[in-house]
Amino acid sequence: MMAFKVVFAKEFRDGLRDRRAVLSALIFPLLAPFLVYFLISTMIDLRSQDKEIEVAVQGADNAPHLIAWLVEKGLTFSPSEGDARALVSSQQQELVIIIPENYGSRLAAARTSYVEIVSDSSRTDARAAVSRVRSLIGGYNSEVAALRLITRGVSPQVMSVVKVVDTEVASKQEIATALLSFIPIYIVLAAFISGMGIAVDSTAGERERRTFESLLINPVSRLQIVLGKWIAATVFSVVGMSMTLVLCMWVMSYVPLEELGLRFQVSPLQVVGMLLATLPLAFLATSMQMLVGIFAKSFKDAQSYIGVLVLLPMLPGLYTTFNPIGTETWMYAVPMLGQHLLLTDVMGGEDVPLIGYFLSPISVLLLCLVFSWLTAKLFERESIIFT
Amino acid sequence: MIEAQQLVKQFKGVDAVKGISFNADAGEVTGLLGPNGAGKSTTMRMLYGLLAPNAGRVLIDGINMVTDTRLARTRLGVMTDNHGLYSRLTAREHIHYFGRLHGMTNDQVEVRADELIRLLGMMNIADRRTHGFSQGEKTKVCMAQCLIHNPANVILDEPTNGLDVMTTRIVRDVVRELKTLDITVLFSSHMMHEVARLCDKIVIVSMGEVVAQGTTEEIKAIAAVDDLEDAFVKLVEQVIPK
């Protein structure tokens with residue numbers, strides 16, 4: 001295995017000096033966690049119920065009782081004038097409530113009064129405020145209606161025919177995991193992105209630089225050359241992937257998930273389990289990239305093929321997001337699906353059958369060896385050596 | 001000693017090499033001469049084992065290149081015609097890499113690399129990354145990586161192509177030096193004066209066949225002309241169908 005080590009050492013050193021490879025190995029792992037933090041915090045911010053909402057209102061004097069009730073529930077109001085539609089569509093206001101002059105007279109006559117909410121539903125940031133205002137006014141409606149019935153000697157329960165009672169069976173950690181389902185996808189992506197630079201540089205790059213011929217003239221088996229290159233690329237991939245995972249988990253501990261009433265905690269042991277679960281993906285990613293890379297005549301050429309390859313590992317993640325499936329043992333043996341299941345299960349704090357830990361790396365490593373063997377075969381092909 | 005025996009190579013049904021035979025002996029410089037497209041590069045590639053001949057044999061010191069490829073390669077140093085280098089490695093790291101691939105230890109490589117760096121006059125570039133090297137500097141690195149493992153047989157594919165006078169001289173000096181060390185040197189070129197000056201033996205190929213081989217005097221005698229260049233043109237054109 002002497003030659004294998006020589007090739008590995010050279011490719012690793014070469015890779016570290018390759019600014020393009022190092023950047024692509026580091027940028028994603030460094031950026032992804034912050035993206036995760038930003039996305040989830042924004043989501044929480046939007047959903048958060050306690051946020052103070054300032055609402056523009058026109059004709060507040062027409063319904064002093066309603067306004068006072070809403071203020072009591074935490075809304076603050078600012079009087080507004082002018083064209084409400086223009087105010088909303090020019091984004092000066094999230095929403096405007098218009099209370100017509102006849103509000104009071106209809107109320108007094110026990111007829112339905114109307115309150116208009118002007119809003120722009122294409123604005124995500126305003127949605128939370130609109131639905132909060134709407135549900136508060138709905139609450140006011142039931143309260144006043146109930147009072148009206150009571151004064152007429154009727155029980156308010158007459159109005160309430162069926163009431164839904166929610167019973168949640170998923171644990172809070174599981175709900176949080178579903179909410180965070182894009183984290184496993186990021187980790188898989190990191191495995192594919194981080195090793196790509198060097199996997200491609202040591203195959204397509206070797207052809208592009210015209211060093212391939214000189215390399216193959218040496219008395220070394222092709223398989224050893226391929227293995228050396230593969231493992232060097234995999235080290236990059238593993239580092240990038242581990243960084244993404246650890247940083248994501250670290251960042252998640254700062255996200256105020258409890259504001260949604262959710263709990264998300266991972267123990268160091270779980271992080272180790274997740275690393276073990278995803279490790280085979282790094283090997284798979286680079287062996288696939290090398291196989292594709294050797295067909296390409298240049299780095300750019302290879303990048304366009306490999307762009308499509310990145311979608312492949314995301315499929316199980318996307319599929320299970322939209323079609324949740326019950327895990328069965330054989331699924332652990334399906335490359336990529338197995339890793340995805342392991343990762344989400346460990347992250348969700350579920351028990352994984354021990355066989356899952358064995359099946360998933362074995363099937364992936366077998367596939368890797370097939371890819372590497374094919375790459376080594378292609379290293380012998382005349383049309384690839386001489387281009 | 002390098003022996004080509006009845007080498008045949010076809011690409012998609014087209015005959016590139018049609019039965020080439022010659023020997024390059026130890027302590028001699030053999031020049032493979034031919035116009036573009038004559039089958040020189042194809043022949044060279046079969047000799048260093050990256051193309052498999054459709055028929056015929058290649059022997060390096062009696063070892064069959066097709067059946068015993070790795071052993072044959074240990075006895076062979078090759079400089080290909082494309083002079084590609086890893087741009088992020090220094091010249092010295094380059095030479096090291098190839099020495100290690102030949103199974104040498106770190107210490108062996110270091111001693112030998114220093115020797116070659118001195119021999120090829122590349123002290124000033126040895127520890128620079130090869131990115132941006134001139135054609136001459138690239139050739140020196142390739143030459144060093146070809147000689148790092150002290151091969152008994154050396155194949156140089158158009159080594160002086162595109163070089164300035166100074167570097168050409170260094171290459172020539174190295175070839176002469178190799179000859180005194182009793183090493184087999186085979187090199188291809190299409191520069192007549194160079195071949196005449198350096199080679200003990202010339203093999204002229206055209207249309208995938210050997211049209212003549214021997215010393216410069218013998219070549220001139222075969223063509224029945226006084227000038228080597230005229231002899232070359234005459235011999236090459238003989239086999240080109242009109």
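Leu276(A) is placed in helix α13 of chain A, where helices (H or I, at least four residues) and strands (E, at least two) are DSSP runs numbered from the N terminus. The model is a predicted one, in which local features need pLDDT of at least 70 and side-chain atom pairs count only at pLDDT 80 or more, whereas totals for chains, interfaces and linings use all residues. Residues are numbered from 1 along each chain as its sequence is written, and chains are lettered from A and ligands numbered from 1 in the order in which they are written.

Leu276(A) counts as partly exposed because it has 14 C-beta neighbours inside 10 Å; a residue is buried if 20 or more other C-beta atoms lie within 10 Å of its own, exposed if 12 or fewer, and partly exposed in between, with C-beta atoms placed from the backbone. Its C-alpha atom is separated by 27 Å from that of Val6(A), a residue 270 positions away along the chain.

Leu276(A) is also one of the α13(A) residues that meet helix α16(A). Helix α13 (residues 268-295) and helix α16 (residues 354-378) of chain A pack at an angle of about 15 degrees, and their axes are 9 Å apart; axes are lines fitted to C-alpha atoms, for helices over the stretch in contact, and angles run from 0 to 180 degrees between N-to-C directions. The two helices are therefore roughly parallel to each other, given that angles under 35 degrees count as roughly parallel, over 145 as roughly antiparallel, 65 to 115 as roughly perpendicular and the rest as oblique. The crossing of α13(A) and α16(A) is left-handed, a term used if the near helix is turned anticlockwise from the far one by less than a right angle, with right-handed used if clockwise. Residues are in contact if their C-beta atoms, placed from the backbone, lie within 7 Å, and on the α13(A) side those involved include Pro280(A), Phe283(A) and Leu284(A), while the α16(A) side includes Tyr357(A), Val364(A) and Phe371(A). The residues of this contact divide into 17 nonpolar, four polar and no charged, where Ala, Val, Leu, Ile, Met, Phe, Trp, Tyr, Cys and Pro count as nonpolar, Asp, Glu, Lys and Arg as charged, and the others, Gly among them, as polar.

Helix α13(A) packs also with helix α14 (residues 299-322) of chain A, at an angle of about 150 degrees and with axes 10 Å apart, and the crossing of this pair is right-handed. Leu281(A), Met288(A), Gln289(A), Val292(A) and Gly293(A) of α13(A) meet Ala302(A), Tyr305(A), Ile306(A), Leu309(A) and Pro313(A) of α14(A), and by class this contact has eight nonpolar, two polar and no charged residues.

A further pair in chain A is formed by helix α8 (residues 182-194) and helix α12 (residues 222-252), which pack at an angle of about 155 degrees with their axes 7 Å apart. Helices α8(A) and α12(A) are therefore roughly antiparallel to each other, and their crossing is right-handed. The contact is made by residues that include Ile183(A), Tyr186(A) and Ile187(A) of α8(A) and Phe236(A), Gly240(A) and Cys248(A) of α12(A); the residues divide into 11 nonpolar, four polar and no charged.

Chain A as a whole has 17 helices and four strands. Its radius of gyration, taken over C-alpha atoms, is 30 Å, well over the 21 Å that the globule rule gives for 387 residues, so chain A is more spread out than a compact globule; the rule is 2.2 Å times the number of residues to the power 0.38. The C-alpha trace of chain A spans about 100 × 45 × 30 Å along its principal axes, and 39% of the 387 residues count as buried.

Chain B has nine helices and 10 strands. Its radius of gyration is 18 Å, which agrees with the value near 18 Å that a compact globule of 242 residues would have, and 48% of the 242 residues count as buried. Helix α1 (residues 40-47) of chain B is mostly covered, with eight of its eight residues buried, among them Lys40(B), Arg45(B) and Leu47(B). α1(B) is followed by Gly49(B), whose phi is positive, near 80 degrees.

Between the chains, 19 residues of chain A are in contact with 20 residues of chain B. On the side of chain A that touches chain B, α1 (2-17), α11 (212-216) and α17 (382-385) of chain A each supply at least two residues, and the largest share, six residues, comes from α1(A). By class, this side has eight nonpolar, three polar and eight charged residues.

Terms used. Contact = placed C-beta atoms within 7 Å.
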